[in-house]
Amino acid sequence: MPGAIPRNLIEEISRRVDILDLVGSYVNLLHKGNKWWGLCPFHTEKTPSFSVNPDSNLFFCFGCQKGGDVFQFLMEIEGLSFPESLNLLAKKVGIELPSTKFGFKSDNNIRTALEELYAKVAGIFRWFLQSSPDAGHARDYLSKRCINEETAERYKIGWAPSDGEWLYNFLLKKDYSPKFLADSGLFSLKSPKWSFFVDRIMFPVMPDIGRVVAFSGRSLSENTPKYINSRESVIYRKSQQLYGFAQAKQRIRQSRNALICEGNMDILACAQAGVEEVVAPLGTAFTRDQARIIGRYADSIIILYDGDDAGRAAAVKAAVLAESIGLLAYAVSLPADSDPADILISQGAAELKNMIRRPISFFSYLLNSLAGDNKLDVNGEFQEKALDKLTPYLNAVDSEIRREGYLKQLADIIKADPITVIREYRYRQRKRRAVPFAKKSESIPIDDELYLMTAVAVKTEHFATLRQRLAPEMLRNRKALGIYRIMDELYADDEMPKTETIIQLLEDEELKKYILKNALAGIYDENAEKTITEKIRTVKMRWLIEERTELVRSLSANDGENEQGNIARITRIQAVDREILSIRQGKND
Ligand SMILES: [Zn+2]
C-alpha cells in the first residue's frame, strides 16, 4: 500500500507525530510501567487493555487485537484511507507532501474535492441567508423559532435558494465539470441541473470545524418533505455522523457527557440555551457507530427526545445502545408533545437550560412513563408487562449492582416483592441466554524461527548480528522468511529497520497483530539479546543437522558413482561438524 510513497518521508512524519498526543486526544491514557494504558476506543470494555508505547510509536489493544502505528490509529478511528491519514498527519507536523507524485488513489482526490465543494456551497448558502433579499422568509422562520444570529453563525445555518437551477449555473461558471457536479450529491438524480435542496433552511453536517460532508435541509414550502438529508457519498455515511458534532466535541470531551436530541432545530435551541455538548442523529435512529463516536469522548449520555410515544420509544432504543457500549444513560423528561425547540419558544432559554440540567437516570424515566401509562391498576398482568417493557434496557445495563437496584425500584412501583421480581428477571434471562461469543484464538503456530524473527522485528538493533549469523535459506518458515526479507531490504537501503516500517510492509494481518501484541506487551524487553542469540543458535543448529543428514544420505545413495562429488560432500560434512561443535561449545561462529 505505501509502496509509491518514499518510506523515509513516512517515517519522518511518524517521528514528528507524538503518538501520546494523537491517541490522547481520543483516549484517556494513564502511565503504568513504561507504557500508557486506556479504555480501547475500538471495542467496549471496562478495564483498559489498550496500550500505547511512545518509544516504538505503536499502539495495540489486547482485547480486540487492533494495533499499529500513528497512521493506522487515525485510519481506524476516523475511518480514513492510508493516504488520507498520511495527508492529515503530514499537515499536522508541517511536512508538505507533493501529492501528485504519490499516485494516491483517485478516491482521495474526489473526497478532497467534494469536501472543498461542500464547504464552498455551505458558505454560499450562509451568504444567502444573511444577505439575500429573497431569503426574508427564511430569516423570519429562524427568528420565529427564536434562533439568534450568534447561534446561526455557530452552526453555519444557510438558505438554499428557491431557484432550483441557480446553484448549478453558479458552480458551472466556477469551472466545475457537469460530470463532477452530477456526482456531487447536490443535484437531483433525474434532472442534473436541479438542486437537491430548494428553498430550504440548510444545516451543514460537520464532523470537524470547517469540514462539511453533507447537508440537512428543512423545507420552507408546502407539499415537500419537512426534512431531507444528503444522499450517502464517499465523504458521508449517515450512520457515522452526528449533527452538531464539530460544535459539541470540545465541550463533550471536557464534561465527559453528551446530550442527544432528535432534530436539528433542537440542537440549535439547546446551544442557544447555553448547552453546547449536544448532538443529533441525522434522519435515522441513533446507531451503534454514533454511540461509539460519543463513547470516545464521554462516559454518559443524556437523552432528550420528544415527549410523545414515538419519542419515548426512540429514547429507549438509544438508551439500550448507549448502555451496551458502556455509556451511562440519563434522560430529561419533557412535557408530552413538546421538544426542546418548542420549549425555547414557549418558555425561553433559561427555562430550557434549567430542564436540561436536571436529568434523571434513564431507568427512573422508564418508571415514570410506566406509571403514566397505567393509572395504578396494579395486577399480575400489569406487573408482568412492566417487567417486559423494562427488560431490554435492564439487559443492556452492564452492572449487576445497578440492575438489582433498578429491579428493586421496579418492585416498589408495581407493588411486588423485590425478591420475586429479581428471581423472575433471572428466570427469563436463563431462558433467553444466547450462545456465548467465542473469542478468536491465536491462529499462527509459532516455532523457533518465527519467534526469533518476530523478536528481531521488535528489537531491530539485533538484526545486524542475525544477518551475519543466519542466511535467509536457513529459514524454513515462510512467515519468518518474509520478515527476514523485509528487514534485509530495509537494511540494504542503509536504513536501520524500524518496527513500524516492518509492520507497514508486512501483508499478513495475523502476523502484524502478533508482532504488535508482543511489542506492546514488552515480552522482549528483558534479555532480548540473550533470547535472540539462543534462538539463532537453535535455528542454525537445526539447519546444520538437516544439512548433515542430507549430505550423509546422498553420500550413501551415490556411493562410488562420482568420486569428485563424494569428496566434496565429505569435506562439507567435516565443515558442518566443526560448525556444530563450535555452536555446542558456545563459541559464536
Ligand atoms: Zn480494543
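Biologist: Why is R469 called partly exposed?

Modeller: In this predicted model, R469 has 15 other C-beta atoms within 10 Å. A residue is buried at 20 or more such atoms and exposed at 12 or fewer. The value of 15 lies in between, so R469 is partly exposed. Its place is in helix 21.

Biologist: How far is the C-alpha atom of R469 from that of S230?

Modeller: The two C-alpha atoms are separated by 62 Å, and the residues are 239 apart along the chain.

Biologist: What makes E461 exposed?

Modeller: E461 has 12 other C-beta atoms within 10 Å. The class of exposed residues takes 12 or fewer, and E461 is therefore exposed. E461 belongs to the loop between helix 20 and helix 21 (463–469). Its C-alpha atom is separated by 9.5 Å from that of E529, a residue 68 positions away along the chain.

Biologist: Why does E153 count as exposed?

Modeller: The count for E153 is 11 other C-beta atoms within 10 Å. Since exposed means 12 or fewer, E153 is exposed. E153 lies in helix 7 (residues 149–154). In sequence E153 and R126 are 27 residues apart, while their C-alpha atoms are 8.3 Å apart in space.

Biologist: What makes the phi of N57 worth a remark, and where is N57 found?

Modeller: The phi of N57 is near 60 degrees, which is a positive value in a residue other than glycine. N57 is found in the loop between strand 3 (50–53) and strand 4 (58–61).

Biologist: How do you know whether N57 is buried or exposed?

Modeller: N57 has 21 C-beta neighbours inside 10 Å. Burial requires 20 or more, so N57 counts as buried.

Biologist: Which class does R256 fall into, buried or exposed, and why?

Modeller: R256 has 12 C-beta neighbours inside 10 Å. Exposed residues have 12 or fewer, and therefore R256 counts as exposed. R256 also has a positive phi, about 55 degrees, although it is not a glycine. Its loop runs between helix 10 (245–255) and strand 11 (257–261).

Biologist: How do you know that the span of helix 13 is close to the expected one?

Modeller: Helix 13 (residues 309–324) has 16 residues, and 22 Å is expected at 1.5 Å a residue. From its first C-alpha to its last, helix 13 reaches 23 Å, which is close to that value. The buried residues of helix 13 are R312, A315, V316, A318, A319, L321, A322 and E323. Helix 13 is followed by G326, whose phi is positive, near 95 degrees.

Biologist: How are the axes of helix 20 and helix 25 placed relative to each other?

Modeller: Two packed helices are described by the angle between their axes and the distance between the axes. The axes of helix 20 (residues 448–458) and helix 25 (residues 528–557) come within 9 Å and cross at roughly 145 degrees. The crossing is left-handed.

Biologist: Which residues make the contact, and to which classes do they belong?

Modeller: Helix 20 contributes D448, E449, Y451, L452, A455 and V456. Helix 25 contributes A528, T531, I532, K535, I536, T538 and V539. By class, the contact has 8 nonpolar, 2 polar and 3 charged residues.

Biologist: Which domains does the assignment give for the chain?

Modeller: The domain assignment gives domain 1 (2–102), domain 2 (106–236), domain 3 (240–365), domain 4 (374–432) and domain 5 (448–584). The C-alpha centres of domain 1 and domain 2 lie 34 Å apart.

Methods: Residues are numbered from 1 along each chain as its sequence is written. This is a predicted model: local features need pLDDT of at least 70, side-chain atom pairs count only at pLDDT 80 or more; totals for chains, interfaces and linings use all residues. Domain bounds come from an automatic or database domain assignment. Helices (H or I, at least four residues) and strands (E, at least two) are DSSP runs, numbered from the N terminus. The expected span of a helix is 1.5 Å times one less than its number of residues. Axes are lines fitted to C-alpha atoms, for helices over the stretch in contact, and angles run from 0 to 180 degrees between N-to-C directions. A crossing is left-handed if the near helix is turned anticlockwise from the far one by less than a right angle, and right-handed if clockwise. Two residues are in contact if their C-beta atoms, placed from the backbone, lie within 7 Å. Ala, Val, Leu, Ile, Met, Phe, Trp, Tyr, Cys and Pro count as nonpolar, Asp, Glu, Lys and Arg as charged, and the others, Gly among them, as polar.
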